[in-house]
Amino acid sequence: MAEFIRLYNENPNPKDIEHVVKVLKRGGLIIYPTDTVYGLGCDITNIKALERVARIKQVKLEKSNFSFVCYDLSNLSDYVKQIDTSVFKILKRALPGPYTFILPGSKSLPNPFKKRKTVGIRIPDNNIAREIVKKLGNPIISTSIRDEDEVIEYTTDPELILEKWDNLVDLVIDGGYGDNEPSTVIDLSEEEPIVVREGKGSLEIF
């Protein structure tokens, strides 16, 4: 059974954040709030945890499109090739915010992602998600929690999420009701920005 803890976005309890990080470090899977939909995540350095997420999502880990949730842009060079000033300005304008940016991957990506040419970077405008990543010391993988009901595309109620995911994950964070609109996905790996998916993030950042 999954643990269920309540955290407040305005001021997440540091002891609870530490507990979440311990769960991640021992290979646990968490469901956590972002500035869009709730995410399923794990420590990007833990191969077994990554494989669990891939099995749940029924994808091959090497071919997965999981995003990396980062605290800020300071460690971007660990995962992304050098980017030009214009791209960096877009990132600075948009983040933290409801965007996923596809950027050219560096050679120092974690092993399962070594062959990737690109990587999706996410810095959500959500203190819970960002404080977890900050305390962990490296990004967590993020993939959205989708609801199978065609009418309710995404699950937004943490208690309903717990019911559905109780036996699949180790911890569910109740950060209040989630949004039902996903992030805007923008590919910045080519010469011109390409909007892959229009979501919550405004396209007026360009």
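**View 1. The end and the start of helix α4 in the predicted model.** Helix α4 is followed by G137, whose phi is positive, near 95°; helices here are DSSP runs of H or I of at least four residues and strands are runs of E of at least two, numbered from the N terminus. At the start of α4, the backbone nitrogen of I128 has a side-chain oxygen of N126 within 2.9 Å. The model is a predicted one, in which local features need pLDDT of at least 70 and side-chain atom pairs count only at pLDDT 80 or more, while totals for chains, interfaces and linings use all residues. Residues are numbered from 1 along each chain as its sequence is written, and side-chain values use heavy atoms, with hydrogens and water left out.

**View 2. The buried residues of α4 and the elements around them.** In α4 (residues 127-136), I128, A129, R130, I132, V133 and L136 are buried, a term that stands for under 20% relative accessible area, computed with a 1.4 Å probe on protein chains only. These buried residues pack against α1 (14-25), β2 (30-32), β4 (67-69), β7 (140-144) and β8 (171-174), where contact means heavy atoms within 4.5 Å.

**View 3. The crossing of α1 and α4.** The two helices α1 and α4 pack at an angle of about 60°, with their axes 9 Å apart. That makes α1 oblique to α4, since angles under 35 degrees count as roughly parallel, over 145 as roughly antiparallel, 65 to 115 as roughly perpendicular and the rest as oblique. On the α1 side, I17, E18, V20, V21, L24 and K25 meet I128, E131, I132, K135 and L136 of α4.

View 4. Ten strands form an open sheet with mixed pairing, in the order β1-β8-β2-β3-β7-β4-β6-β5-β9-β10. From one strand to the next, the twist averages 30°. Strands β5 and β9 (residues 184-187) pair in the parallel sense over 4 bridges, pairing being assigned if DSSP finds at least two bridges between two strands, and Y99 stands opposite T184 in β9.

**View 5. The surroundings of S106.** S106 lies in the loop between β5 (99-104) and β6 (118-122) and is buried, with a relative accessible area of 9%. The side chain of S106 reaches the backbone oxygen of D78 at 3.2 Å. Leaving aside neighbours within four places in sequence, S106 is in contact with S77, D78, Y79, V80 and K81.

Technical notes:
Buried < 20%, exposed > 50% of the residue type's maximum accessible area, 1.4 Å probe, protein only. Polar contact = N/O pair within 3.5 Å; in protein donor to acceptor, adjacent residues only side chain to side chain. Axes fitted to C-alpha atoms, helices over the stretch in contact; angles between N-to-C directions.
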